[in-house]
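This report describes selected local features of a single model. Please consult the sequence and the structure shown below alongside the text.

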Amino acid sequence: MLHPAERRDEAGRIVGEMLTGQAAFCPVPIITKAGIQIPVETRVAPGVWDGVPVIFGITTDISLIRLSEEKFSKVFYLNPSACGLSDLNTGQYVEVNDAFYKLLEFNKGEVIGKTATQLGILTDETRNVLLHKSDGSGNITGEELILKTKNNSLKHVLVSSENIYVQDKQFRFTVVHDVTDLKHSEELVNRKNEELQKLNAQKDKFFSIIAHDLKSPFNSIIGFSDLLVEQVREKDYEGIGKYAAIIQQSSEQAMNLLKNLMDWARSQTGRMEFNPEYFEMVNHINETIDLFTDIAGQKSITIKQVLPQNLPVFADKAMVSTILRNLISNAIKFTLSGGEIIISAKEQQDDVIVSVADNGVGMSKESLSKLFRLDESFTTPGTNREQGTGLGLILCKEFIEKHGGKIWVESEEGKGSVFSFLLPVHF
């Protein structure tokens, strides 16, 4: 009479099964005098009371438990974040919500009864993070991880998991919040910030060149031109030759700087066209060396060539000219009077390697780390106090990388430097 009329037969059957050990408890609710149903778990066992065989019964009100389960169920199934409930011992999923299927691109029926490892959700990196970041109970709170979907796409997620009890069994409840779009937005913002920093460095470099480096050779030209006029008046022909040589050197420096500045400005604004063609590298190197014969002669510097008979390449001829011009000019600048420069080239598999070596002043490790960097504004005066901007090496690096090649340097203070660059034979 404690059970609803329509379920009394069911309750009687289950009680019989409990007495024979076939059932653990009876879930049929009981009713109050007023007819209100109460969710319960009833357990029975045979016994003796005052010498009379009886059935002992214990009925537990599980209203609050049922309410908690209903609340949990709503939070679980209606949650916009992916939720999974897995057996703590086996790791197999016993339930997941629709957001789980959507996020990880599985169909219903493909998840239940399988572990995250069997599903291929965890990358090796994610598995290591889980092992190291979880606490003593294996719980994790808001850990940023990468999960792999059924279709092998990667998802950036925040994962929280905790061990919970459902009745007398322990499970792991996991909530996964998708932050992939947010992560991509952050990466985009970071890229934009890097681009802005680069643009600021370019702007600062540009103004530095115009305000100081470009002004310096013109000051020399103007100053020594005034002295030259005075020497002409005084008919001091020895002084005329001396000052004329300085004016020539300053003019060449200014012209070289202007060429680099124009090339760099065109490359940064996307107006420099990339036009690779087949040409003979050895002839091109010799033609470039001829441009520096007089300048090297002024410092009594010998330029030697270690070149094969021919070396065809597929490259932008104008860019290669700029690279060679800057490397040879730098070698002359940092080589002492009476020194030597060796220009060599060779084919190595499918690449061409060109090197410009000098026995000049060399560089420290600290100086080497600042080369090819626009943000460092690194430059040092030459052995005859020649001025520079560091822009030439930055141009060399940009032009070489445009070809899919690379540039590097080996140097030691007091022993000279070797600048080498590699270009693919077929681009």
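## Helix H9

Which residues are buried in helix H9 (residues 281–291)? Met281, Val282, His284, Ile285, Thr288 and Ile289 are buried, where buried means under 20% relative accessible area, exposed over 50%, and partly exposed in between (1.4 Å probe, protein chains only). Seen down the axis of H9, these buried residues fall within an arc of 160 degrees, so they line one face of the helix; the arc is that of the directions from the helix axis to the C-beta atoms. Asp290 and Leu291, on the other side of H9, are exposed.

The N-terminal end of H9 is capped by Glu280, with a side-chain oxygen 3.1 Å from the backbone nitrogen of Val282.

## Basis of the description

This is a predicted model, in which local features need pLDDT of at least 70 and side-chain atom pairs count only at pLDDT 80 or more, while totals for chains, interfaces and linings use all residues. Residues are numbered from 1 along each chain as its sequence is written, and side-chain values use heavy atoms, with hydrogens and water left out.

Helices (H or I, at least four residues) and strands (E, at least two) are DSSP runs, numbered from the N terminus.

## Helix H1

Helix H1 comprises 12 residues (residues 8–19) and should span 16 Å at 1.5 Å a residue; its end C-alpha atoms are 17 Å apart, which agrees. The expected span is 1.5 Å times one less than the number of residues.

Ala11, Ile14 and Met18 are buried in H1. Viewed down the axis of H1, its buried residues fall within an arc of 65 degrees, so they line one face of the helix. Strand E3 (40–49) is included in what covers them. Just after H1, Gly21 takes a positive phi of about 80 degrees.

## Asn97

Asn97 is placed in the loop between strand E6 (93–96) and helix H3 (98–104). Asn97 counts as buried because its relative accessibility is 1%.

The side chain of Asn97 reaches the backbone oxygen of Phe76 at 3.0 Å. Leaving aside neighbours within four places in sequence, Asn97 is in contact (heavy atoms within 4.5 Å) with Phe76, Tyr77, Asn79, Ser81, Ala82 and Cys83.

Conventions: Polar contact = N/O pair within 3.5 Å; in protein donor to acceptor, adjacent residues only side chain to side chain.
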